[in-house]
Amino acid sequence: MRTHHDADYLASLEEKAKRMRKAGESEITGGKEGEPELAKWSKAGVDVTKRPDDEHGILRVSVGGNEDMAYCVFRGKRAECIRLLRRALKALTR
């Protein structure tokens with residue numbers, strides 16, 4: 001069984017990330033090449049990054065990780081993204 005501590009697993013995730021960057025599939029979440037990080041901080045074990053607003057004005061929040069690391073990248077006003085996440089949490093908890 002694979003775990004998040006398995007070196008092969010981490011290597012496969014890194015390779016997938018490289019392929020996605022090369023294909024331009026991570027531009028919305030991870031940011032386009034050279035796109036600025038407007039703010040960056042860590043809190044409660046989560047690395048948070050503010051990227052420029054979505055060109056269509058859509059709030060975007062990407063969250064991922066495991067017990068060892070976690071990230072949150074967002075686009076849009078922070079308070080509005082927090083409200084969106086609270087709605088999503090409510091929906092997840094039924």
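Residues are numbered from 1 along each chain as its sequence is written. Because the model is predicted, local features need pLDDT of at least 70 and side-chain atom pairs count only at pLDDT 80 or more, while totals for chains, interfaces and linings use all residues, and side-chain values use heavy atoms, without hydrogens or water.

**Stop 1: the sheet**

Show the strands first (strands are DSSP runs of E, at least two residues, and helices runs of H or I, at least four, numbered from the N terminus). Four strands make an open sheet in the order S1-S2-S4-S3, and the pairing is mixed (two strands pair if DSSP finds at least two bridges between them). The edges are strand S1 (39-43) and strand S3 (60-65); each has a single partner strand, so one side of each is left without a neighbour in the sheet. On average, neighbouring strands of this sheet are turned by 15° against each other, direction ignored (axes are lines fitted to C-alpha atoms).

Next select residues 46-51 and 70-75. These are strands S2 and S4, which run parallel and are joined by five bridges. Asp-47 stands opposite Tyr-71 in S4.

**Stop 2: the aromatic pair**

Select Trp-41 and Phe-74. Their edge-to-face pair has 6.2 Å centre to centre and 65° between the planes (rings of Phe, Tyr and Trp, the last by its six-membered ring, pair with centres within 6.5 Å; planes under 30 degrees apart are stacked, over 60 edge-to-face, the rest tilted). Trp-41 lies in strand S1 and Phe-74 in strand S4, so the pair ties together parts that are 33 residues apart in sequence. Phe-74 is buried at 6% relative accessibility, and Trp-41 is partly exposed at 32% (buried is under 20% relative accessible area, exposed over 50%, partly exposed in between, with a 1.4 Å probe and protein chains only).

**Stop 3: the salt bridges**

The whole structure has six salt bridges (a side-chain nitrogen of Lys or Arg within 4 Å of a carboxyl oxygen of Asp or Glu).

Select Glu-35 and Arg-75, whose closest N and O atoms are 2.9 Å apart in a salt bridge. Glu-35 is in the loop between helix H2 (27-30) and S1, and Arg-75 is in strand S4, 40 residues apart. Both residues are buried.

Move to Arg-51 and Glu-37, a salt bridge with 3.9 Å between the closest N and O atoms. Arg-51 is buried at 9% relative accessibility, whereas Glu-37 is partly exposed at 42%.

Finish with Asp-54 and Arg-60, a salt bridge at 2.7 Å, N to O. Asp-54 is buried at 12%, and Arg-60 is partly exposed at 27%.

Note on methods:
Axes fitted to C-alpha atoms, helices over the stretch in contact; angles between N-to-C directions.
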